[in-house]
Protein chains: 2
Amino acid sequence: QDAAAGKTKAAVCSACHGAEGISVLPDYPNLAGQKQKYLETSIKAYRDGHRKHAVMSPMAAGLSDTDILDLAAYFSALPAQSPAK
Amino acid sequence: QDAAAGKTKAAVCSACHGAEGISVLPDYPNLAGQKQKYLETSIKAYRDGHRKHAVMSPMAAGLSDTDILDLAAYFSALPAQSPAK
């Protein structure tokens, strides 16, 4: 996997998941610092129809295995953020 | 929601998601610092069958709405952890 390539591919993700993987929407998960393997599994589940979401299913539909590995490497390496409260 | 009650109810979660919400398994997500609303939505999706997982579906099956709110409050308030690498 290639986190640098993942960063480029992640541009479209930032609208919901934030520029640095910290979600800007309460109903959308933070991705920064998440387990790499879990991210990979989740995106594949959306792509392959095992998990469904109005936004994520079409987003994931066109991704290759390499795309998914790159995205998972990128987001998992970003610093996590603790809640402000 | 009641994070203190959530902590008690979260005891069973720790086997996979870690004592402090940092997963001990690569294919399981960290929950610490995750968006509260997303956690609530996710657990309800497991309980209500919109999302399926061999472990999480039965785990969530017996939870009340209050249980889920408490758990989401608890995990979202835990400090997130950035990747060690």
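How many salt bridges are there between chain B and chain A? The count is 0. The legends below describe a predicted model.

**Figure 1. The interface of chain B and chain A.** In this predicted model, 25 residues of chain B are in contact with 25 residues of chain A. The area buried between chain B and chain A is about 2,000 Å². Carbon and sulfur atoms give 46% of that buried area. Three residues, Asp27(B), Lys35(B) and Tyr38(B), supply 25% of the area that chain B buries against chain A, which is more than any other three residues supply.

**Figure 2. Polar contacts and salt bridges across the interface.** Between chain B and chain A, 14 residue pairs are in polar contact, with both residues at pLDDT 80 or more. By contrast, the count of salt bridges between chain B and chain A is 0.

**Figure 3. The side of chain B that touches chain A.** Two or more residues of this side come from each of the elements α3 (36–47) and α5 (65–77) of chain B. The largest share, 4 residues, is given by α3(B). Sorted by type, the residues of the side of chain B that touches chain A are 11 nonpolar, 9 polar and 5 charged.

**Figure 4. A salt bridge within chain A.** Over all chains, the structure holds 12 salt bridges. The view shows the one formed by the side chains of Glu40(A) and Lys37(A), with a distance of 3.7 Å from N to O. What separates Glu40(A) and Lys37(A) along the helix? Glu40(A) and Lys37(A) are about one helical turn apart, because they lie 3 residues from each other in helix α3 (residues 36–47) of chain A.

**Figure 5. The largest cavity and its lining.** The count of cavities of 30 Å³ or more comes to 1. The largest cavity holds about 120 Å³ of space. Its lining is made of 14 residues, and the closest to the centre of the cavity are Asn30(A), Ala32(A), Ala80(A), Ala32(B) and Ala80(B). How many residues of the lining are nonpolar, polar and charged? The lining of the largest cavity has 6 nonpolar residues, 8 polar residues and no charged residues.

How values were computed
Residues numbered from 1 in each chain as written. Chains lettered and ligands numbered in written order. Predicted model: local features only at pLDDT ≥ 70, side-chain atom pairs only at ≥ 80, totals over all residues. Heavy atoms only, no water. 1 Å grid on protein atoms, 1.4 Å probe; cavity = no way out; pocket = protein on both sides within 12 Å on 5 of 7 lines; lining within 4 Å. Points joined across faces, edges and corners; volume = space filled by probe spheres on them. Nonpolar A, V, L, I, M, F, W, Y, C, P; charged D, E, K, R; others polar. Contact = heavy atoms within 4.5 Å. Buried area = accessible area lost by both parts, 1.4 Å probe. Salt bridge = Lys/Arg side-chain N within 4 Å of Asp/Glu carboxyl O. Polar contact = N/O pair within 3.5 Å; in protein donor to acceptor, adjacent residues only side chain to side chain.
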